[in-house]
Amino acid sequence: FSPWNDPQAKPFIRFENVTKRFGDFTAVSNLTLDIYEREFFSLLGPSGCGKTTLMRMLAGFEEPTEGHIILQGRDISGTPPYKRPTNMMFQSYALFPHMSVEKNIAFGLEQDNLPKGDIEARVQEMLKLVKLEQFAKRKPSQLSGGQRQRVALARSLAKRPKVLLLDEPLGALDKKLREETQFELMDIQQTLGLTFLIVTHDQEEAMTVSDRIAVMDKGVIVQVATPAEIYEAPNSRYVADFIGDINIVEGKLEAVEKRGEGDRATVICEGGFRVTVDQASCAADPGTSVAFAVRPEKVRISTDAPSDTTVNALQGEVWDIGYLGDFSVFIVKLADGSTFRAAQANVSRLVDRPITIDDKVWLTWPAEAGLVLTR
Ligand code: ATP
């Protein structure tokens, strides 16, 4: 499933040069974005970057100051929210407390004056979908947080919107329930074949559920890509730093060698050491300021000196170790006083010679593990 790579595919939703100003504050700035039918799409970014504003414009609760929002080829500017094929799911406390679960789910359908039999059938279908059949007669106060969340989901899906908009839908749930619910959401989205647009500031959540993610910063999109691309090939320091853990070192590009399979770049890092990076293309001129980045789990830590053929090797001393169960993070102090992180999977408790604090160690990584960031 990758319609965004198909030049024939038409976007389902298009934000076209959309700007939203509140007074003289620009919340969304000349933003263009295509979302495809059946996509699970996330808007990810820190608080205040404009994610919710973008979603509210699609729902019709706000109108763009400039630009157009196009849904299935039609400009929906001026169409009121209830006439749009979108529905926004708010947090669980938006349920009616005096109504039973089934009444909550039926509410929107009754407003639309659907025949009684149809409403009953739809409510049953929705209860089944969110696995709450036995709870139909309960009031929201008699449910757990996770169950309430599922009622809210059932209610927002009952009217069969084409696009479901989810604003921090799992924010109120604890970590374990949140993770379970993420998989349920994905399952429901697949079953119904709908387009889901979710707003979140939780990068792990976005990585888990999404087909693609747009990473936002101050009203603009910095990168749109699949979770794996965002993680493996972030296009800037901002995206690299926002997603997962990463070592980032400022430096100067020394040289770029064009090779058949891609570019080989060398960077002189602050701290004086030189690193070699193989990546598809390195669009910067020698002498320019760049950042070198490598994820800790790609860095190997060892007390043994590396072989002569190792392209990237740094020597240091173990300063701290974080034990995280499935893996450990080693914080290593380099000669210039800066620190570098290496993560190692804890596959066995029977390690011959565990690395401990103050050990002299070598950090090594292959050229293709690193990144040169020009932005
Ligand atoms: P969060 O994760 O905190 O919800 P967000 O990325 O969703 O953040 P938005 O809610 O889209 O951010 O808000 C973006 C910016 O626009 C914020 O600085 C906010 O204060 C401002 N803003 C949003 N709505 C209004 C409004 N109605 N009037 C004035 N400013 C607003």
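Predicted model: local features only at pLDDT ≥ 70, side-chain atom pairs only at ≥ 80, totals over all residues.
Domain bounds here come from an automatic or database domain assignment.

Figure 1. Residues are numbered from 1 along each chain as its sequence is written. The protein chain is divided into domain 1 (3-239) and domain 2 (245-373), and the centres of the two, taken over C-alpha atoms, are separated by 39 Å. Along its principal axes the C-alpha trace spans about 80 × 50 × 40 Å. You will find eight helices and 20 strands in the protein chain; helices (H or I, at least four residues) and strands (E, at least two) are DSSP runs, numbered from the N terminus. Of the 375 residues, 35% are buried. A residue is buried if 20 or more other C-beta atoms lie within 10 Å of its own, exposed if 12 or fewer, and partly exposed in between, with C-beta atoms placed from the backbone.

**Figure 2. The shell around the ligand.** Look here for Phe 22, Phe 25, Ala 27, Gly 45, Ser 47, Gly 48, Cys 49, Gly 50, Lys 51, Thr 52, Thr 53 and His 201, which surround the ligand; a residue is near a molecule if its C-beta atom, placed from the backbone, lies within 6 Å of it. Strand S2 (25-35) and helix H1 (51-59) are the elements that give two or more residues to this shell, and H1 gives the most, with three residues. By type, the shell holds four nonpolar residues, seven polar and one charged. Here Ala, Val, Leu, Ile, Met, Phe, Trp, Tyr, Cys and Pro count as nonpolar, Asp, Glu, Lys and Arg as charged, and the others, Gly among them, as polar.

**Figure 3. Helix H3 and its buried face.** The 14 residues of helix H3 (residues 116-129) reach 20 Å from the first C-alpha to the last, close to the 20 Å expected at 1.5 Å a residue; the expected span is 1.5 Å times one less than the number of residues. Ile 119, Arg 122, Val 123, Met 126 and Leu 127 are the buried residues of H3. Seen down the helix axis, these buried residues fall within an arc of 135 degrees, so they line one face of H3; the arc is that of the directions from the helix axis to the C-beta atoms. They pack against helix H2 (101-111) and helix H4 (145-158). On the other side, Gly 117, Asp 118, Ala 121 and Lys 128 are exposed. Just after H3, Lys 131 takes a positive phi of about 55 degrees.

**Figure 4. Helix H5 and its neighbours.** Thr 181, Gln 182, Leu 185 and Gln 189 are its buried residues. Their arc, seen down the axis of H5, is within 115 degrees, so they line one face of the helix. Packed against them are strand S3 (40-44), H4, strand S8 (195-200) and helix H6 (203-209). The face turned away from the buried side carries the exposed residues Lys 176, Phe 183, Asp 187, Gln 190 and Thr 191.

**Figure 5. Ile 331 in strand S17.** Ile 331 is found in strand S17 (residues 327-334). With 16 other C-beta atoms within 10 Å, Ile 331 is partly exposed.

How values were computed. Contact = placed C-beta atoms within 7 Å.
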